[in-house]
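These are my notes from a first look through one protein chain.

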Amino acid sequence: MTSLSNCPCCNGSSFEPFISCKDYTVSQETFQIVSCKSCSFKFTNPRPSEDKIGDFYKSESYISHSNTSKGLISKLYKAVRNYTLKGKLNLISKHSKKGNLLDYGCGTGMFLSVARGSTWNVFGIEPDPGARDFAMNENKITRVYPDVKTALANLKDVEFNCITLWHVLEHVMDLNETLSWFNTKLNSGGALIIAVPNYMSYDAQTYKEFWAAYDVPRHLYHFDEKTMVEVVQKAGFKYVESLPMKFDSYYVSMLSEKYKTGKVNYVSAFFTGLRSNLRAKQGKDYSSVIYVFKKP
Ligand SMILES: [Zn+2]
């Protein structure tokens, strides 16, 4: 395990306990999330060290990286994913000129496959070998690299019009270094689009330590609008807007029900998800939020 002694957001060194959560999908171990006393940024601390974090991704039920369709949750996840892919494509087209697109943490390459069909020139980075193989062999995404270093070596002269991270930034070990790298690789005026869970949402407040999107220790950071904007602006970006991901509240509520009670109460999960979206309308606190930034 590694303990961060400085806040990744403001560099402060004084933290207080925020919540303790169990890893329900892989290790069944408990991890602490702390809150920075200066800026209120929430992060998992201590966290597994870089050479051990891979062990916490070894699970068949970690479905964002696999394509198996077992059980109602997985089926629903896939159906919704196909619908939301189209929304993501519309969003990048709204904020960026067509050209080079990098999907950082591209998983099995579903989004890149859809974007390529709409004439984007697509690139991916994906550390998981299984997901990367699927992206390359099944989705025929030829330029998928395991890490930034390999991408850099292969993409020396490539600049991107758009970089996307769909539920990925919360997993990134080197948060500030990675954001700075995006800044060097984006065109001026290019878009950086980041989707993450939001612990301020109604579903998070309802399920508390059972909220599935804490997903410790894989989720290293737990963003709200304030800390997201602070962290990304620090790397030289300008905040443009945020948008809801309205399906996530249902999916996350279903998983959270399962963690809390041992089984999925679909009715209860549905109404928590619905209530989360209805309450969020007054504020911005949807279960998951997409943040749009531009490189000036
Ligand atoms: Zn801080």
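**Entry 1: burial and overall form.** I looked up burial first: buried residues make up 43% of the 296 residues in the protein chain. I keep in mind that this is a predicted model. For contacts with a separation of 6 or more, I found that 70% join residues 24 or more positions apart. I then checked the extent of the C-alpha trace, which spans about 50 × 45 × 40 Å along its principal axes. The chain has 9 helices and 11 strands. Its radius of gyration is 18 Å, close to the 19 Å of the globule rule for 296 residues, so the chain is as compact as a globular protein of that length.

**Entry 2: strand β8.** Is β8 largely enclosed or open? I found 9 of the 12 residues of β8 (residues 186-197) buried, so this strand is largely enclosed by the rest of the structure. I traced its pairings next. Strand β7 (residues 160-166) runs parallel to β8, with 6 bridges between them, and F160 stands opposite L186 in β8. Strand β11 (residues 288-294) runs antiparallel to β8 and is joined to it by 7 bridges. There I noted A191 opposite K294 in β11.

**Entry 3: helix α9.** I checked the length of α9 (residues 266-280). At 1.5 Å a residue its 15 residues should span 21 Å, and the end C-alpha atoms are 21 Å apart, which agrees. Which residues of α9 are buried? I listed A269, T272, G273, S276, N277 and A280. They cover an arc of only 130° around the axis, so they sit on the same side of α9. The buried residues of α9 pack against α6 (202-207), β10 (238-244) and α8 (248-261). On the face turned away from the buried side I found the exposed residues V267 and L278.

Entry 4: As background, most residues other than glycine have a negative phi, and most peptide bonds are trans. I looked up the exceptions.

- N45 and P46 are joined by a cis peptide bond with omega about 0°; P46 lies in the loop between β3 and α1 (71-95).
- V216 and P217 are also joined by a cis peptide bond, with omega about -5°; P217 is in the loop between α6 and β9.
- T119 is not a glycine, yet its phi is positive, about 65°. I placed T119 in the loop between α2 (110-117) and β5 (121-125), and it is exposed, with 9 other C-beta atoms within 10 Å.
- K140, not a glycine either, has a positive phi of about 55°. K140 lies in the loop between α3 (129-137) and β6 (144-145) and is exposed, with 11 other C-beta atoms within 10 Å.

Note on methods
Residues are numbered from 1 along each chain as its sequence is written. This is a predicted model: local features need pLDDT of at least 70, side-chain atom pairs count only at pLDDT 80 or more; totals for chains, interfaces and linings use all residues. Helices (H or I, at least four residues) and strands (E, at least two) are DSSP runs, numbered from the N terminus. The radius of gyration is taken over C-alpha atoms; the globule rule is 2.2 Å times the number of residues to the power 0.38. A residue is buried if 20 or more other C-beta atoms lie within 10 Å of its own, exposed if 12 or fewer, and partly exposed in between; C-beta atoms are placed from the backbone. Two residues are in contact if their C-beta atoms, placed from the backbone, lie within 7 Å. Two strands pair if DSSP finds at least two bridges between them. The expected span of a helix is 1.5 Å times one less than its number of residues. The arc is that of the directions from the helix axis to the C-beta atoms.
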